[in-house]
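Work through the exercises below with the model open. Try each task before reading its solution.

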Amino acid sequence: MDFELAEWSSKIEVGVPAIDAQHRQLFDLAATFGGDGDQIRVLKTLAILTEYVKVHLHEEEQLMIACHYPGLEAHRKLHREFRRMLFDLLENAKRMTLDEIAEEVKFMINGWFYNHILVADFDYVPSVQAAASAASMPKNAPADLDEGAELAAIASRA
């Protein structure tokens, strides 16, 4: 099976350690589709990837909520699109060859996910940075910045 994933690099790090770690983990999970295997192992790996994506997207959205990211709804729509693609692949995988599954995963990670990080995820970074900066303000900062601890906790989780 010929399978080449886009390589992880600092170019796609958004600068939020927990999110970067999750993105890297998604690339690592996707890379497991590149080896020889049987249909059952591939379907199990696809199920694990799908579950991990759900967790990652939820945590990323919680981060955007905590930092009051104005593009949250548009970003959620993109996440729903990706979840739908994964769900469809999981449903159709039973009738696909291992090569076809690998090609779909490659398309989703190299194409959709990689570009999503570079465009949509980089777009929320200024909001995260502004909220993190506000969270480090002295205790006499405005009351609406009290969720700084929540933001820090979400951003630091790996």
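## Exercise 1: A loop methionine

M96 is buried, at a relative accessible area of 17%; buried means under 20%, exposed over 50% and partly exposed in between, with a 1.4 Å probe and protein chains only. This is a predicted model, in which local features need pLDDT of at least 70 and side-chain atom pairs count only at pLDDT 80 or more, while totals for chains, interfaces and linings use all residues. Residues are numbered from 1 along each chain as its sequence is written, and side-chain values use heavy atoms, with hydrogens and water left out.

Task: Where is M96 placed, and with which residues is M96 in contact beyond four places in sequence?

Solution. 
- Step 1. M96 sits in the loop between α3 and α4. Helices (H or I, at least four residues) and strands (E, at least two) are DSSP runs, numbered from the N terminus.
- Step 2. List the partners. Setting aside neighbours within four places, M96 is in contact with Q39, L89, I101 and E104. Contact means heavy atoms within 4.5 Å.

## Exercise 2: A leucine in α2

Task: Is L43 buried or partly exposed, and which residues does L43 touch?

Solution. 
- Step 1. L43 belongs to helix α2.
- Step 2. Its relative accessibility is 22%, so L43 counts as partly exposed.
- Step 3. Not counting residues up to four places away, L43 touches L90, A93 and K94.
- Step 4. Now the backbone. L43 and L98 are 55 residues apart along the chain, and their C-alpha atoms are separated by 9.3 Å.

## Exercise 3: Two helix lengths

Solution. 
- Step 1. The expected span is 1.5 Å times one less than the number of residues.
- Step 2. Take α1, residues 17–31. Its 15 residues should span 21 Å, and the end C-alpha atoms are 21 Å apart, which agrees.
- Step 3. Take α4, residues 98–135. A straight helix of 38 residues would span 56 Å, but α4 spans only 48 Å.
- Step 4. Look for a bend. Helix α4 has a kink of about 40°, centred on I117. The bend at a residue is the angle between axes fitted to the seven residues ending there and the seven starting there.
- Step 5. Return to α1 for burial. Its buried residues include I19, L26, F27 and L29.

## Exercise 4: Neighbours in one loop

Solution. 
- Step 1. C67 lies in the loop between α2 and α3. H68 lies in that loop too, between α2 (39–66) and α3 (72–92).
- Step 2. C67 has 7% relative accessibility, so C67 counts as buried.
- Step 3. H68 has a relative accessible area of 56%, so H68 is exposed.
- Step 4. Check the backbone. Phi of H68 is near 55°, a positive value in a residue other than glycine.
- Step 5. The C-alpha atoms of C67 and A132 are separated by 8.0 Å, although these residues are 65 apart along the chain.

## Exercise 5: Ring pairs

Task: How many aromatic pairs does the structure hold? What geometry do Y69–Y124 and F82–F113 show?

Solution. 
- Step 1. The structure holds 5 aromatic pairs. Rings of Phe, Tyr and Trp (its six-membered ring) pair if their centres lie within 6.5 Å; planes under 30 degrees apart count as stacked, over 60 as edge-to-face and the rest as tilted.
- Step 2. Y69 and Y124 are edge-to-face, at 6.1 Å centre to centre and 70° between the planes. Y69 is in the loop between α2 and α3 and Y124 in α4, so the pair ties together parts 55 residues apart in sequence. Both Y69 and Y124 are buried.
- Step 3. F82 and F113 are stacked, at 5.6 Å and 25°. F82 is in α3 and F113 in α4, so this pair ties together parts 31 residues apart in sequence. F82 and F113 are buried.
- Step 4. F27, F82, W112, F113 and Y114 form one aromatic cluster.

## Exercise 6: Confidence

Task: In which helix is confidence lowest, and in which is it highest?

Solution. 
- Step 1. The chain has a mean pLDDT of 81, and 79% of its residues reach 70 or more. pLDDT is the predictor's confidence in each residue, from 0 to 100.
- Step 2. Confidence is lowest in α5 (residues 148–156), at a mean of 49, and highest in α3, at 93.
- Step 3. Over residues 140–151 the pLDDT is below 50. Where pLDDT is low, the predicted coordinates should not be read in detail.
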